[in-house]
Amino acid sequence: MKQSHSNTHPLFISLSVLLFLSLTGCWSSHEIEEQSLGIGLAFDKAKQSSIEKKLNEQGGAYSKRNLITTTYQFITPQVASSTTKQSGPQQKSYVNVSETGDSMHQMVRELSLRSEQPVTAHHMKVVVIGENLARSYKLEQLLDQNLRESELRPSCLVLISKGRASNTLETKKAGEIPAFRLAGIVENAYRTTRILPPMSHIKVESKIKSGSSFLMQKVLSADGQVKFAGAAVIDGKTHKMTGTLNEEELEGVTWITGKGKGGVVKSFDKETGQPIVYEIETMKSSIIPHVKRDSISFDVNIESVGRLSENWVVSAGTFKNEFLKNAEKSSEEEVKRLVGNVLEKMQKEYKADVAGFGNRLRIEHPKVWNKVKKDWDQRFSEAPINYDVKLTINDYGTTGGSKK
Amino acid sequence: MMMKEWLSKIGNKGKDPDKDKQAPASQDTTCPFTDNLHFNLECLKQEIGHNWDVHFREFNLGRTGIRSVIIFVDGLSDKDLIDKHIMPSLMVDFSAEYKQNLPYLKGSISKEFIKNEVLSISEIEAVRSIKELASKVLTGSTALLIDGSLDALLLGTAKHKTRAIEEPVSEALVRGPRVGFTESLSDNTSFLRCSGEIENLSLVKFQVGKRSKKDLVVAYIKDIVDPELVQEVENRIKKIDIDSVPESGYVEQLIEDNYLSPFPQVQNTERPDRVVAALMEGRVAILLDGTPFVLIVPVTLSMMLQSPEDYYERWIPGTFIRMLRYLAAILALFTPSLYIAFISFHSGLIPTKLAISIIGTRSGVPFPALIEALFMEIAIEILREAGLRLPKPIGPAMGIVGGLIIGEAAVQAGIVSPVLVIVVALTAISSFSIPHYSIGITLRMLRFPAMICAATFGLYGVILFFLLMTSHLVKLKSFGVPYLSPAVPYRLSEWKDLMVRMPLMMMKRRPKMLHTKNPIRKG
């Protein structure tokens with residue numbers, strides 16, 4: 001008897017485990033095909049869409065202020081199945097829906113009243129904020145819900161759009177998904193210095209919390225096409241957008257920070273006035289703060305190695321060191337112009353340190369930094385900055401000058 | 001109580017006739033021979049005479065007029081031997097030699113005389129009890145009874161039917177001996193003896209089965225193996241108390257440590273090279289008459305995922321293939337449950353573009369992922385089982401019908417998604433790449449509870465299942481050796497032969513977990 005009891009014991013346990021499994025049901029199980037994948041989000045000043053207006057007329061409203069219009073871009077199972085079938089995409093491969101209101105979360109939940117597949121944010125690629133909104137609301141208010149919930153990944157990008165943000169989430173090309181397009185362009189930073197390093201939610205939050213001014217990538221849109229152009233300056237104190245850097249100024253910032261991965265510098269030959277193009281292979285920059293009593297100054301040393309990628313000066317022999325030296329010189333001049341240009345704008349116009357000078361000071365002179373960090377942007381605008389640029393051409397490509 | 005009685009009976013078989021006599025019920029049948037041939041014959045006929053295949057051949061010994069009889073079973077005994085050697089010796093040569101002594105002969109013909117002077121065959125044994133004689137005759141020996149003699153002679157004429165040596169079906173290799181065990185025990189032990197002169201190879205014989213007695217041989221190498229291990233194996237074999245043992249699977253199930261575990265704790269193999277390798281490591285092999293499957297104890301999980309080819313090939317491909325097999329084991333166990341977990345719970349963990357295409361293919365499927373996966377997994381298990389039963393010419397055709405048509409049609413009909421078909425195929429292929437059928441089927445079986453856990457709790461459930469399984473494995477032992485060793489308990493020096501197969505140059509010692517007497521394998 002005793003033996004048989006000890007044999008049934010494990011059986012009994014496993015049976016009760018099985019029962020336990022069946023009791024719980026399927027906790028938080030949501031089949032993948034019963035959800036819509038949210039992939040893009042755009043925040044704009046309130047402007048109700050025609051559908052919303054019609055719904056409101058029939059009484060589909062709740063107590064809210066119409067402040068913000070959120071546009072959700074998502075992929076519904078129906079859209080997904082029509083794009084994956086062999087026949088290829090005939091119509092749009094995404095769905096955009098707008099909601100107007102004053103709470104981000106409430107607006108998302110309103111969507112559940114309009115579609116059988118609720119939107120999930122796991123796959124959210126990009127959040128675009130309209131310039132008008134960014135100038136009038138604090139970024140931390142706009143992004144609060146996104147940062148607070150765990151569903152949206154902290155790696156999701158944040159962009160600022162020149163016009164209405166919802167326009168950047170439109171395309172006219174069949175099969176193209178606008179949110180993927182925006183997220184994909186950021187990857188091209190190895191080909192040009194005019195793209196900022198990706199600004200994700202988590203980076204935005206750290207910048208906001210540190211109280212320093214920073215840049216965010218700006219994007220333009222026209223006729224369903226987009227272009228990354230320049231950057232928005234976000235003030236460290238107000239956390240609102242205060243101004244814009246154009247493409248060349250953004251290039252200057254990239255040279256100062258040394259974070260570029262590739263790109264070109266176009267300069268003109270002094271004698272002939274023909275363009276010479278220098279392509280960056282590596283870029284290095286060091287910002288050295290100098291503190292003398294109360295005065296703070298900076299030295300910026302920029303070094304770069306690259307190749308001569310295009311040369312319109314037909315008469316020149318590119319095999320000759322003399323010519324290469326000249327080319328280096330004129331490219332250096334061009335970079336200096338870019339850097340000087342943007343420093344002027346940062347210090348005089350916006351009075352905002354968006355290139356990380358304060359960070360270098362914090363690292364090298366923490367005590368000084370503690371004293372000045374409260375009104376750093378003001379102190380920065382008065383600090384003298386010297387810069388030096390050194391470019392080296394180590395490769396002139398596979399063609400040279402003509403035989404003489 | 002019953003058990004103990006039986007154990008002592010098995011242990012003392014044939015050595016202790018006194019004990020048999022004490023039992024009153026068996027007195028009639030174990031009666032010793034009298035000197036009256038007629039009476040003995042009657043007794044024997046009562047015991048086994050009703051069998052049509054038992055032949056009684058009566059004759060006169062030489063021309064002496066002494067009645068004799070030989071008894072044998074048609075088909076089991078070597079008739080050729082009886083006709084050409086035994087009968088002529090007894091009927092022809094006997095009379096020629098001893099004609100002169102005819103008057104004194106009767107009554108003085110002893111077994112010694114027949115044994116030493118007359119019969120020219122190698123195996124002769126005298127027995128005194130009718131019961132023992134009967135049982136021996138029924139296994140192929142020939143009995144010789146002579147009028148006036150108090151004991152009978154058993155002549156070793158047993159001739160077992162054997163088949164040709166073939167390549168092992170269940171464990172085919174590209175490189176390695178093409179020899180597999182057969183059903184004959186003596187052939188099998190000879191394979192072990194033949195594979196080089198093994199020093200101190202011990203083959204100890206036991207008998208198992210209460211009604212149908214079978215020979216069982218425990219093989220080990222005396223100066224390597226841990227004596228306690230041998231003792232334990234022998235004890236467990238002695239404790240076997242069952243009517244008959246048709247296959248070594250019975251022995252395996254009766255001596256394993258934990259019969260509730262889904263994992264096999266005894267390895268079975270058809271390959272003599274594998275057995276010899278195990279013996280050399282200090283393990284014990286159990287050979288049973290009538291089956292080509294030899295058992296090896298103790299085993300570890302890592303052994304189950306190894307193939308002899310790992311050692312026959314050079315160490316780099318050996319290591320690569322072994323790692324591939326570990327991967328296959330994990331895939332076979334977890335792919336469908338991971339599929340369910342990702343589809344039903346964690347759509348956020350799938351890369352976006354893959355998620356979109358999965359959504360696209362699944363949007364018409366009416367079932368939740370669990371039902372869909374169970375449907376296909378069960379279908380493929382049925383296919384596998386059917387493929388085993390099908391006659392050989394139909395087999396491949398059915399495989400095509402099952403694999404391609406059911407898969408393709410199910411997708412077309414929108415019952416399952418194409419991704420699932422990939423998952424199911426991957427699982428099946430992975431499980432077949434595991435060199436041991438018994439562990440492969442364990443993993444295939446365990447994936448069903450894993451799927452249910454995944455459908456209940458998602459990835460969390462899969463991890464719970466994994467923890468449950470590993471905690472069981474950690475606890476499990478095979479003949480005193482932890483099942484997961486050398487991973488748990490941790491012994492880094494033996495990891496040389498766990499995930500990787502290091503060069504033979506570096507594997508100088510036998511596994512420590514076996515407590516061998518002689519730990520050095522290579523100088």
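In this predicted model, helix α13 (residues 357-364) of chain A lies across β11 and β12 of chain A, and its direction makes an angle of about 45 degrees with β11(A). Helices (H or I, at least four residues) and strands (E, at least two) are DSSP runs numbered from the N terminus; axes are lines fitted to C-alpha atoms, for helices over the stretch in contact, with angles from 0 to 180 degrees between N-to-C directions. Contact requires C-beta atoms, placed from the backbone, within 7 Å.

Strand β11 (residues 275-292) and strand β12 (residues 295-311) of chain A pair in the antiparallel sense over 16 bridges, where pairing calls for at least two DSSP bridges between two strands. Lys292(A) stands opposite Ser295(A) in β12(A). Both strands belong to an open sheet of four strands in chain A, ordered β10-β11-β12-β13, with mixed pairing. Its edge strands, β10 (263-268) and β13 (385-395) of chain A, each pair on one side only. On average, neighbouring strands of this sheet are turned by 40 degrees against each other, direction ignored.

Chain A as a whole has 15 helices and 13 strands. Its radius of gyration is 28 Å, whereas a compact globule of 404 residues would have one near 22 Å (taken over C-alpha atoms; the globule rule is 2.2 Å times the number of residues to the power 0.38). Among contacts in chain A between residues at least 6 apart in sequence, 74% join residues at least 24 apart.

Residues are numbered from 1 along each chain as its sequence is written, while chains are lettered from A and ligands numbered from 1 in the order in which they are written. As this is a predicted model, local features need pLDDT of at least 70 and side-chain atom pairs count only at pLDDT 80 or more, whereas totals for chains, interfaces and linings use all residues.

Technical notes
Two residues are in contact if their C-beta atoms, placed from the backbone, lie within 7 Å.
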